[in-house]
Amino acid sequence: MSLVRADLAKLPSYVPGRRPADVADAAGNLLPPVRLASNEVPYGPLPGVVDAIAHAAADAHRYPDAGSVELRGRLAASYGLDPDQVATGCGSVALAEQLVRATTFTGDEVIYSWRSFEAYPIVVGGHSAVAVPVPNTAEHGHDLAAMRAAVTDRTRLVFVCNPNNPTGTAIRGGELAEFVDSMPADVLVVVDEAYREFVTDPDVPDGLDFARGRENVVVLRTLSSLGNGGPAGRLAGRDPTCGRHRAQNRHHLLGLQPRPGRRAGRARPARRNAAALRPGDRRAAADP
Ligand SMILES: Cc1ncc(COP(=O)(O)O)c(C=O)c1O
């Protein structure tokens, strides 16, 4: 008998990069290696960040501000949003988990392009939702038409990774607007823009433009990939009260428009999707 859910054993594991110390030993200690396996920026933190972390560390014996009021206020001001439209968490993966938890019951479906960010299958499977990976186009980008066709009445959430990790492709022009507009109002579109700050092409749309005017679009951004912003995300991630902090933050996410009566009287839908992989194939496709 297993104490933990047996299905969790089927989830792909995150494969971390090699430890710099091991690489250094293998190379005969010639060069100090720089770890980049998780897309870290190779430069150090911006001036002031280390000081801010050190300053905050002096209060490590206190619970942090569960509402991240100051941080959310500053982020909101810099993006032209209302503070209530901003939620913070221990990294954007933690927020992605909260979004899946907030939107799905067991068996509900979450669509994402594959291959994309390796956390998606783990986040989805971890909450007993059904992962619906839709194969990338031949050019390794999102096949938005196929993703749209993969939507069923059980679809609760769609991840759109723009630019896509790890293929580096980006959705351009009006494609994202068309996709978002084509989504049912009760399907949450999560535009993961972990690499937004590296986009130089003006033709790549800013997900926030969609999130501002629509109830069913949220955008994930992270300080991790910037490599400089660690003070909030990283500190919270290491803090022993992180779980509590995230739970507290859930009310921001749950502030999304409710979907009254959606499930009442629903028959289990037939899959309308030809492009998405069959359930058996999904697990295989999700294996990184
Ligand atoms: C697409 C994407 N989203 C999110 C993340 C993780 O962000 P965080 O460190 O904020 O959890 C990454 C990191 O590799 C990523 O590639």
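Okay, quick definition to start: helices here are DSSP runs of H or I with at least four residues, strands are runs of E with at least two, and both are numbered from the N terminus. With that, Ser-128 sits in the loop between H5 and strand S2 (130-135).

Before I go on, this is a predicted model, so local features need pLDDT of at least 70, side-chain atom pairs count only at pLDDT 80 or more, and totals for chains, interfaces and linings use all residues. Residue numbers start from 1 along each chain as its sequence is written.

Back to Ser-128, then. Its phi is near 60 degrees, a positive value in a residue other than glycine. The cut-offs are 20 or more other C-beta atoms within 10 Å for buried, 12 or fewer for exposed, and partly exposed in between, with C-beta atoms placed from the backbone.

Ser-68 also has a positive phi, about 45 degrees, and is not a glycine either. You'll find Ser-68 in the loop between helix H2 (49-57) and helix H3 (69-79). This one is buried, with 22 other C-beta atoms within 10 Å.

Now the cis peptides. One joins Asn-162 and Pro-163, with omega about -5 degrees. Another runs from Asn-165 to Pro-166, omega near 15 degrees. Pro-163 is in the loop between strand S3 (155-161) and helix H7 (175-182), and Pro-166 is in the loop between S3 and H7 too.

On to helix packing. H4 (residues 92-103) and H5 (residues 119-126) pack at about 40 degrees, axes 9 Å apart. Those axes are lines fitted to C-alpha atoms, for helices over the stretch in contact, and angles run from 0 to 180 degrees between N-to-C directions. That angle makes H4 oblique to H5; under 35 would be roughly parallel, over 145 roughly antiparallel, 65 to 115 roughly perpendicular, and the rest is oblique. From H4 the contact uses Val-93, Ala-96, Glu-97 and Val-100, and from H5 Ala-119, Val-123 and Val-124. Contact means C-beta atoms, placed from the backbone, within 7 Å.

Last, the ligand. There are 14 residues around it, and the closest are Gly-91, Val-93, Ala-194, Thr-222 and Ser-224. Near means a C-beta atom, placed from the backbone, within 6 Å.

And the whole protein: 11 helices and 5 strands, with 31% of its 288 residues counting as buried.

How values were computed
Two residues are in contact if their C-beta atoms, placed from the backbone, lie within 7 Å.
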